[in-house]
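The sequence and the coordinates are shown first.

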Amino acid sequence: MSQESPDWVTRGLPHIWQPYTQMKTAAKPLAAARAKGSRIVLADGRELIDGIASWWTACHGYNHPHIREAVVAQLDLMPHVMFGGLVHEPALTLARRLAALLPDPLERVFFSDSGSVAIEVAMKMAVQFWLNRGEAGRTRFISFKGGYHGDTFAAMAVCDPEEGMHSLFKGVMPEQIIAELPVDDARAAALEAVLARHAHEAAAILVEPLAQGAGGMLFHDTAVLRALRGAADRHGLLLIFDEIFTGFGRTGALFACEEAGVTPDILTLSKALTGGTMGLAATIASTRVFEGFLSDDPRRALMHGPTFMANPLACAAANASLDLFEREPRLKQVARIAAALEAGLEPCRDLPRVRDVRVKGAIGVVELERIADLNDLKRRFVEAGVFVRPFGNVVYLTPAFTIGEADLASLTGAIVRVLKEMARAG
């Protein structure tokens, strides 16, 4: 099979700046030509089983016909219209459906076009909520080690400060209050001490519920979220759940807040919202937060408005994605994937330099002591016929919920095999 690059690759690569990539030393990127289900077909004809669903977005697999048909139908009607002074059926239907799926009193949906922006909007809401009440000093946020909330400046400021990308900008961004998650009595006491010192200057507590994603694929239990709800209430803070990673079934329930039985004041969604079709995000506020902006004074309105917010094509894709969660057994599929990940990754526990193997819903993680050469490890996975993108010291799988048993077994088998080969090589 030929692996020569097509003309569009050789002519276009010199003009591209890739994400999270040292362009001086980076390996040549793979050129994707098409995708369907859990398969990515490269321009040279090779076919890879995708283990990460394009950063966890393609929960129904790529190019699902129901979503594709919805987008095509909307394209014929209206690909876009501004959301300032205008509304349209796909957005209003989607907002109503999201509010119905989420626990009361989360009912007001503000659309944007990426997860990072959804976090920025949530932070802006929280700060302005207090400003509108005449409490001007409450401008900081309490977030947690191991957390990741996005790449824009305000979002970076609430990420784990030791994470490489964000530590680079130390001193540039506003300094936030980063604590340990209260996963045990000692850390719960430490968080209470942090709150006692800083609650008066904080607007909200911000957390990824049940699973911290890009900060290391770290899991915690529902008791942690109940403790955070209690702490927020005791200290008069808002509670924000970042469900950009966990929302739409990834942890085993439709939303992590549902599994925990804890309702935040503000919740953010993106990633799988459109089934991986196109960019869309939502920041959903409680009735109390929304009513904090109602006034005869126009300056108390939420002054934010992304140009492509509530894009009709993206909203149509999201409505079609919600249809699939209603019609097809997605959460049962997640449970099946969880069992397969547990069994398939179990042999990694016995390998040298493996620190932990853990599974939560459709998230499987092998944590190593270190990964010496990420590019080499990625190359080995491609040679094994799978698309897996380790980062830091973790190799992880977040496949589409529709993935077949054989493809899932190929993914876990490739991880076991490649890590064994690396262990033998020293």
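## Helix H8: exposed and buried faces

On helix H8, the exposed residues Asp185, Ala186, Ala196 and Arg197 are carried by the face turned away from the buried side. Here exposed stands for over 50% relative accessible area, buried for under 20% and partly exposed for values in between, with a 1.4 Å probe and protein chains only. The buried residues of H8 are Leu191, Val194, Leu195 and His198. Viewed down the helix axis, these buried residues fall within an arc of 100°, so they line one face of H8; the arc is taken over the directions from the helix axis to the C-beta atoms. The model is predicted: local features require pLDDT of at least 70 and side-chain atom pairs pLDDT 80 or more, while totals for chains, interfaces and linings use all residues. Residues are numbered from 1 along each chain as its sequence is written, and side-chain values use heavy atoms, with hydrogens and water left out.

H8 comprises residues 185-198, and its 14 residues reach 20 Å from the first C-alpha to the last, close to the 20 Å expected. The expected span is 1.5 Å times one less than the number of residues. Helices (H or I, at least four residues) and strands (E, at least two) are DSSP runs numbered from the N terminus. At the N-terminal end, Asp184 caps H8 through a side-chain oxygen that lies 3.3 Å from the backbone nitrogen of Ala186.

## Packing around H8 and H9

The buried residues of H8 pack against strands E5 (140-144), E6 (177-179) and E7 (202-207), and against helix H9 (222-235). Contact is defined as heavy atoms within 4.5 Å. His198 in H8 has a relative accessible area of 19% and is buried. Apart from neighbours within four places in sequence, His198 is in contact with Arg140 and Ile177.

In H9, the buried residues are Thr222, Val224, Leu225, Leu228, Arg229, Ala231 and Ala232. They pack against E5, H8, E7, strand E10 (238-242) and helix H10 (256-260). The 14 residues of H9 should span 20 Å at 1.5 Å a residue, and the end C-alpha atoms are 20 Å apart, in agreement. Asp221 caps the N-terminal end of H9, with a side-chain oxygen 3.1 Å from the backbone nitrogen of Ala223. After H9 comes Gly236, which has a positive phi near 65°.

## Annotated binding sites

An unreviewed UniProt entry places the feature "binding site" at Trp55, Tyr148, Lys271, Gly305 and Arg389. These positions span 335 residues in sequence, and their farthest two C-alpha atoms are 33.7 Å apart, so they do not all gather at one spot. UniProt positions follow the numbering used here, feature names are shortened, and annotations may be inferred rather than shown by experiment. Tyr148 is found in the loop between E5 and helix H6 (153-157), where Tyr148 is buried with a relative accessible area of 18%. The side chains of Tyr148 and Asp151 are joined by a polar contact of 2.5 Å. A polar contact is a pair of N or O atoms within 3.5 Å; within protein, one must be able to donate a hydrogen and the other to accept it, and residues adjacent in sequence count only if both atoms are side-chain atoms. Gly305 lies in the loop between helix H11 (287-291) and helix H12 (312-327) and is exposed, with a relative accessible area of 53%.

The feature "binding site" is also placed by UniProt (unreviewed entry) at Gly115, Ser116, Asp242, Pro306 and Thr307. These residues are spread over 193 residues of sequence and in space, with up to 22.6 Å between C-alpha atoms. Gly115 is buried at 13% relative accessible area, and Ser116 is buried at 15%. Not counting residues up to four places away in sequence, Gly115 touches Ile244, Ser270 and Ala281. With neighbours within four places likewise left aside, Ser116 contacts His149, Gly150, Asp151, Thr152 and Ala155.

## Cysteines

A search of the whole structure finds zero disulfides, a disulfide being a pair of cysteine sulfur atoms within 2.5 Å. The sulfur of Cys59 is 16 Å from the closest cysteine sulfur, in Cys315, which is too far for a bond. For Cys257, which is in no disulfide, the nearest cysteine sulfur is that of Cys59, 17 Å away. Cys59 is buried, with a relative accessible area of 0%, and Cys257 is buried at 2%.
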